[in-house]
Each structure stands twice: as structure tokens, then as C-alpha cells.
Amino acid sequence: MSFTEPLFLLYLAICVVVNRLCPKGLRPAFLLVASYVFYCTWSPAAAGLLAVLTLLTFGAGLVAEHARVQENTSIAWLAPAAAILLTGYLMAFKVALLTPSHGIAGLVMPLGISYYSFKLISYVLDVHWVKMPAEKGLVNFAAYVAFFPQIVAGPIQRPANFFEQLPPQPESVVNPLLRIAWGFVKKLLIADNLAPAVNAIYGHVTSLHGAPLWAGFYLFPLQLYADFSGLTDIAIGSGQLLGITGPENFNRPFTASSISDFWRRWHMSLTTWLGDYVFVPMRMASRRAGQWGLSFSIAVNMIAIGLWHGLTGSYLFFGLINAGYLIVDTLTNKRRTTFFRKNPQWDKAGSWFGWLLTFHLILIAEVFFRSQHVSDAVWLLGHLWSGLSGSLAVLQSLLVGNEMRSLVIGLVGYLMLELGERYRPDQWLRRIYAVAPRWVRWSYYSAGVTFGIFGLALLFVHTAGKRAAFLYEIF
Amino acid sequence: MRFFRDLLLAALATGAVLGMLEGFLRLAHVHYQGSLYANENERGFGLRPNAAGWETDEADVYVQINSDGMRDRERPISRPAHTLRVAVIGSSETNAREVTLDETFEAVMSRDLSRDLEARGWSADVLNFGVPGYTYSQEYLTLQNHVWKYQPQIVILLFSSFPVLKTVRNFYPAELKGAPVYVLQDGKLVPDAITRSTPPLDAHRQIFKNRSSDWMNKSYLATLLNAARVKVKEFVPALKARWQKPSATAPSSTATSSAERLSYNPDLPEAQEAWSIAEAIFKAMKEDCYRHGAEFWIVMADQEKQVTPDLAAREAFQKSMNLPSLDAVDQHMERFGAAQGIPVFALAKPLSDYALSHKTYLHGAPNSAEHSGHWNAVGNAQVGHAIAKELEARSTFVRELSSGQLAAQSR
Amino acid sequence: MTDTQQRLQGIFRDIFDDDSIVLRDDMTAADVHNWDSLNHIDLIVAVEREFKIKFTTADVTSLKNVGQLLALVDKKRTPKP
């Protein structure tokens, strides 16, 4: 089942109720069962695969720790080997996706493979580096790996962070529910309404010039952010309803003032994972090589981000471009800070320009992210300024039927999203609620119920039957 | 006292929220299906007089039903002088709710015929008696009880093969609940047992239902909630269907798969009973027209694959259906017409010619799957032109009219 | 403040370009502007140079706060028996 199906909401509601009724000690076991039931609605065979990998990694963690405690260095290679094998497993599926027949008799990417592989790798390396003790409870461990709110598209939670929240004790229901509702709004009202235009443009890229390409250039990142952050909201909110708070993935990414700032705000659970398990080891290994070592480590890290999404030229280019950006940013950072300290009159203009430049650099990289082929991305970027006259009409003709209306709804919705994240009406609504007279509180409840029914009605009508895929559940 | 004041204020606030939501939906032009039907004793159901609402199934069209339960403008019942009236009975193709009233083939036909007869001082009126979902039994009852007061000189049955199966109650027990069905007894058409034993509807309940439906149609929010209610009802059966998909080796005599094959192949053994009843109904319709002095025509609607401009798709489809040609049903009806003395006209050829020469699709609308479904505006226009031309060429009445043989008489 | 703490504080102030930094045991990257994974290793390298010690990756990744870093530095500086 998909996150935006009414069935998922029903399933979640049942799990939340049963979870609360369960005695605390049994809750991890319940979450484990609930997660595997969820996983099996996608594929029982892939669930079996997940179970096998979970058992093997669990065993590896225990053995590695035992060996270290006994000061038995002959199998110190076990944990790193496990990490490498898990990476190979992930890469094998990504490679298989490239072959026309999808390798082994039409094999499909197991659900959440990129996410759970990374959870397993981080566990085995954390035990190896003595960041945490090996988990002794198989149920707890398996629940961590398969936890269904996070299995579809993250966030990628660290093992220690998950285990310290066990046994899960869900508290407030209102906030997580609001978060889930907001996630639905972002996905269904904003991202899905921007999608037809984006798909129409990227689907015919090489026959377009001018205005439609500009539209695609600016619209896709908005769609991507609304889609993925909406999905994350649903994931985190669902987890909180069950008593587990996952890590955040986004922090107003399009307000970033520099490329390094952007990557501290976008898909944070992935970037911190790569930072801790790819960048830091590489940087440590290359720390004697000064700027070259730094650049190399950055490059490897960013290429990894690109290829994590898929082994295609476009994703590779995406990684390379970002590597270039980040290397330049890091190497010039000190010089820039010194300059602005010496010339404070340029500071304001500088930060505004920095934001504008960062935003556009990221958008350029995302053209590669979205394009099927590198040539499409090059075409788009190369033909932005050509054939501008009359291209507005072409853009309008591309959007058939309801698509123009969808686009307008999506754009207005996105504007609301950015304004909401900037001014946080939810926070001042909460403050008002705390001091409000009774009729205001009653109005809040009643408005909440009204919006809820309205939202559910919209959900049933627009998604029941249709499998509106999330952009990030294919990873 | 405070309690009631607070309750009232909260209720007002909720009202404001509801108003705001209604406003959002209207601003964004998001329409949901309106309710346009009413239950009837005679035909099971029909279009609700004076209803108005959005049809969203395939396209987004605002549909208005007149005071006589037709999707048409208001018309005087008795036929004005020097007016050719053509009554078209049929189901969803006839109703043409995927296009606006002016784009329907009936309107196009009216304009074409009027132009043709202008010289003689006559005008043409094409009456749309189509109701989506109607079976031939219901169309027969429509003819007998609703058409004649308009005094048409020509009656056209717009035939399509899908409703043929609906003449047999066992094929669609749920859908045909409450609808009249005929069976053949000693070669005569009689209402079946269920039709005869269905109790009459509770009039008060129907009035209440109809009034609430009219109110519902006025609010975008209400139609949204109704659409959600329908989806919720389908939720559990849909879930069951999903779980059973792996075991999709169910026997193929399910009505839906037969319907598609039937659309192109009249010789299916399981459909023969349905064909006999349908043909008996067509004969009865012809006799009714004869008694009222009107011409009776059968116009065969085309099937999508007969007129798709994509010739490769046509071939592929024909192969997959294992048929010598996609025109078998039309040919069957032509033989039937010849045997019964009923003029018939197949739309497939003229429509296909147009589609191929203009490389355009005649079926399909924004909300439906690609290029499938009912006639779009172009399709309706071509249908209207084609039927008008055919009547001008082969209808006795129209030929006599335009050649001046009927002069100032009205028949 | 011990000699180690004094010298470490100097390194922090230099690497992060901020003379107002005062080290606390519970201080983490969140508390210092500009301290992120990109320049974290610059800090580590500077510490290695200053105290003439060597860290392993495992050492570095398991550090949770400045207090642990201090303890690690002291441990590395004490010659093994």
C-alpha cells in the first residue's frame, strides 16, 4: 500500500490503537509484525530477503563486538566486510535496473532497499567503531530495520537514536496528525498538481525552446521539494504516532545562502549518513593530502549522493556538478568570509546575491537529476534563451485539459508552503490556543474536524484507485 | 448561558470555515459529479426534470435537464408548424454529456437539416431522449410513453452493442435492479416476473430524495462529500478485487469481458438470447413508429477501434480479438434491417474516413483514458453531419420535403 | 584550565575563526558556528599536529562532544606502558 492511499491511513490508525493497547514491553514486537505485514503487501519475497539480511547483519554485529571484547583481531575485518557486502547488494539491484530484462526474471527493486541497506550498514559500522554497543535484542533490531513509516522513503534513522526510544511511548496525537495532514497537502495538493506540467515539459524536452524550458527549470525543484518533504512529514508523523521520532530531512532548503548550506538543509538524513560513513573516513584517510584530499573526499561523497539515486548518467552528472560546486565553495570559504568582514558595506548585497546564486546553481543541477538522459539536460539548459518569442504560447498548448488549472493550484499551493514555513502560522495559532477563551478552543476543534473530513473526502475521491507514486519511493 | 453562547460562536466559526472551503473549490473550478437522475416506477430511473449539475466522468461539462426530463433546452411539446422533428432515442452516446449542448450531435444535426430545409421554409428540431445507462427495454418504454407527444416525423434509435447484453437480467443483476426487463414468451415481448412484481416507489421518499439532490448540486462542497461517499462504498469491494487479482483465472463468462468482445462480435453463443430479445424490441419499436406514422431508423454507433486513426492499433486489436473484421456487428445489423424493412446506417465508415484524413481522434476526453470513451466534440460534430447527410439522401420524408413535394403541408 | 584544554581552545579559536570560543565539556558542533563535517577533520588534523598524536577513524567517529575529545587527547598523549 502506498502512503497516500486511504487504506494506509486505515492501517496506520489500527496500528496506533493496537500499539497503545499493547503493554510497553511487547510494543517493539508489535511494530516488527506490523512492519512486515506492511512490507508483505508489496512483496512477500522481498520481505523474506529483508529478513535474511536483517538476521545476517544482527549476527555480524554480535560477532564483531564479541571479537573486539575478547581482543581477537583475526576477525576485525568482519564488520567492514559486512558493510561492503551490503553496499554490493544495493549496487547489484541498481545495476540490475539498468538491464532491459531487469536481471533475474523481471526482478523489481525491493521496497526501501536504499533505505534499509543504509540502516544496516550504519549499524554494522557503528558497532565496529564502538559508537554504540551491539543490539542484543533481535526483535528490537529487526523492528528498527523494517520500521514501516520509514521503509518507503526514509528518513534514515541511526540505530542508537531508534533504540534509545524503545519501548515506544507515544504521547500527543494532535501534532503528529497535523504533520501527517500537512504532508498530504504538500503531496496531493501541491506536488501532484505541479507534476502534469513538469512531466509534459520533460517528456518533450528536445522539441521545446524558451518559455516551456524555463517553466520546467523552475517547476521541477518545487515539485520535488513538496513531494519529498510531504512524504517525510507523513513518515515522521506516522512514526511519532507509534512513539518513534525520526530525524528531520529538510530545513527550508531553498533559503540556503551557499552550496554547503544547501546540503545541510536538503535530505539531511541522507547527507549526514554519507558524511559520517563516506566523507569522514575518506577525509581521515586523505587528511595528509591537504586541499587535494579534501576535494577528493567531497567528490566521492557527492558522486555517492548522485549514484545512490540510480546508476545512470544523469544521476552521476548530478553528483559531479554538486561536487564541483561544493569544492569551489569550500576552498573559497575562508577568502569570502574575510572579504565580507573587511567590506561590511557589501554584506547585505553579498548575502542576497549568495542566496540567488545558490538557488540557481542547485536548479541547474536538478535539471540533470530529473532528465532521463544527460543530453536532455544539456538541451534544456542550452535552449533556455533560444526561440523565446512565441514560446509562451507553446507552453500553454502543452498543458491540455485540466493541466493549466492544476499548475495554477500547484503554484499557489507552493507559495502558501513557503510562506507557511517562513511565518509559521501553526506556531502562533498554538500560542493563541493556549490563552484563548472556550469558544475559540471549540472553534479550533470543530474547524479541525471540518478540515479533516474535507481532506479525507478529497483523499478518497482523488486517490482511491490511482497509485499516485511518490518520487522518492523508487529508491 | 455561556455554554450556548460559546456553542453558537463555535458554530458560526465552523460555518465560516465551510464557506471558505466552498469558496476555495469554486475559485479553483474543481467540480464533482452532480446528481442528475431520479427513480421512476415506469422505467426504473430517468433524468430528473430541472436538475442541473456537473458531469465529470469523462469531461467537465455543466449539464441541465429540462422540465420534461430531457438533456435539452425547453421545447414546446406540440410540434410547431413547418418543423421537422427527429427524435433520437438511445443511451449515453445519445445523451452526449461529454460535450456542451451546442456541441452535441443532435444540435449539429439540427443546424445541418435546418439549413437544408430553409429554402422550403421549414426548420429542424432534433430531440435528445438519451439517458446514460439505458437498456433497450427502457428505450422502448421511452418511445412508447414519452416521444409521441412531440409528434416527431422521424425516430432514430442510436444503436450500440454494449446495451444488448443488458436485455438479460442475469448478466447484470445488480445494475438492473429496479429496471424493467423484457423476456420473449411465444415470440412476444413480455415484462419478466421481477418487473411485474416490483412494488411501486414511495412517492414522498422520492420527492425528498429529489429535493435533497437538487440542493446538493448547488454546493461544490456537498458534491465533493457525495463523491467521497460513493468512493467509500466502493472501498471494501475494491480492496477485495485487489486481493483477488492474483487469482484472475476466474471464468471468462463475466459480463464485462463479454461486453467488449460483443461490441465487435455478434455471434458469441452466450449472447444469442440477448440478441433475440433486443431484435424483438427493435421490431416492436418499428411497429410503434408505423402506428404513429413516423419513419423508424437504426443508426449504428461506431466502436473506438473502428475509427482510430492509428491503423496499426486497429490491426493489432483485430488480431487480439481473433476476428476477420471489426465491422461484424454493423454487418449483422444491416442484414437485420434489410430483413425487417428498417433503414439502417452505420457510422463507422464516414467517421473512420474523417479520422484518417484529418489524423484525429473522435473519442476521448480529458478525464478518460487516452482516446477512449464517448465521442468528443469533433466526434459529435462528425456524427451530426453524417446522420443529417444520410437523412437528406435516404429519408423519404426529408427528400419529399426538400424537393417540394410536401409543399406547405405538415404531416 | 589544564595545558591540554588551553591549547585545544587555541586550536578551536583558530580553526573556527572565533576568538570568543570557550570550551566546555558538553560542547558539540551545534554550539559552534561554522563547525560542520567539512571542517571537522581540519580540526582533527590541527589537534594531531599540535599534540603530535594520531587518531583513527574509529576514534573520530565515536566522539560525541568536546569533553570526549579532551579525554581522547589525554589518553593518546600518555605513553603506553
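Two strands pair if DSSP finds at least two bridges between them. The model is predicted.

## The sheet of chain B

Chain B holds an open sheet of five strands with parallel pairing. Its strand order is β6-β5-β7-β10-β11. At the edges lie β6 (123-128) and β11 (344-346) of chain B, each of which pairs on one side only. Direction ignored, neighbouring strands of this sheet are turned by 20° against each other on average. Strands of a sheet pair through backbone hydrogen bonds, either parallel or antiparallel.

Strand β5 (residues 83-89) of chain B is joined to β6(B) by six bridges, and the two run parallel. B:V88 stands opposite B:N128 in β6(B). B:R85 has B:D125 of β6(B) as its bridge partner. β5(B) also pairs with β7(B), in the parallel sense, over four bridges. There, B:V86 stands opposite B:I154 of β7(B).

Is β5(B) largely enclosed or exposed? Six of its seven residues are buried, so β5(B) is largely enclosed by the rest of the structure. In a regular strand the side chains alternate between the two faces of the sheet.

A helix covers part of this sheet's strand set. Helix α12 (residues 328-340) of chain B lies across β7 (154-159), β10 (295-300) and β11 of chain B. Its angle to β11(B) is about 165°.

## An exposed site in chain B

B:A193 is found in helix α5 (residues 193-197) of chain B. B:A193 has 11 C-beta neighbours inside 10 Å, so it counts as exposed. B:A193 and B:H82 are 111 residues apart along the chain, and their C-alpha atoms are separated by 45 Å.

## Contacts between chains

Chain B and chain C do not touch. Their nearest C-alpha atoms are 42 Å apart.

In the contact between B and A, 21 residues of chain B meet 20 residues of chain A. On the chain B side, the elements that give two or more residues are α1 (2-27) and α7 (220-244) of chain B. α7(B) gives the most, with nine residues.

The contact between A and C takes 15 residues from chain A and eleven residues from chain C. On the chain A side, α13 (268-285) and α15 (313-342) of chain A are the elements that give two or more residues. α13(A) gives the most to this side, with seven residues.

## Domains of chain A

Chain A is divided into domain 1 (6-169), domain 2 (172-211 + 218-246 + 399-475) and domain 3 (249-388). The centres of domain 1 and domain 3 of chain A, taken over C-alpha atoms, are separated by 30 Å. Their contact takes twelve residues from domain 1 and eight residues from domain 3. On the domain 1 side, α4 (78-98) and α6 (113-128) of chain A are the elements that give two or more residues. α6(A) gives the most to that side, with five residues.

| Chain B, touching chain A | 17 residues | two residues | two residues |

## Chain C

How many helices and strands does chain C have? Chain C has four helices and zero strands. From the N terminus on, its elements run α-α-α-α. The radius of gyration of chain C is 12 Å, close to the 12 Å that the globule rule gives for 81 residues, so chain C is as compact as a globular protein of that length.

Along the principal axes, the C-alpha atoms of chain C fill a box of roughly 40 × 25 × 20 Å. Of its 81 residues, 21% count as buried. Among contacts in chain C with a separation of 6 or more, 53% come from residues 24 or more positions apart.

Key
Residues numbered from 1 in each chain as written. Chains lettered and ligands numbered in written order. Predicted model: local features only at pLDDT ≥ 70, side-chain atom pairs only at ≥ 80, totals over all residues. Contact = placed C-beta atoms within 7 Å. Domains from an automatic or database assignment. Rg over C-alpha atoms; globule rule 2.2 N^0.38 Å. Buried ≥ 20, exposed ≤ 12 C-beta atoms within 10 Å, placed from the backbone. Nonpolar A, V, L, I, M, F, W, Y, C, P; charged D, E, K, R; others polar. Axes fitted to C-alpha atoms, helices over the stretch in contact; angles between N-to-C directions.
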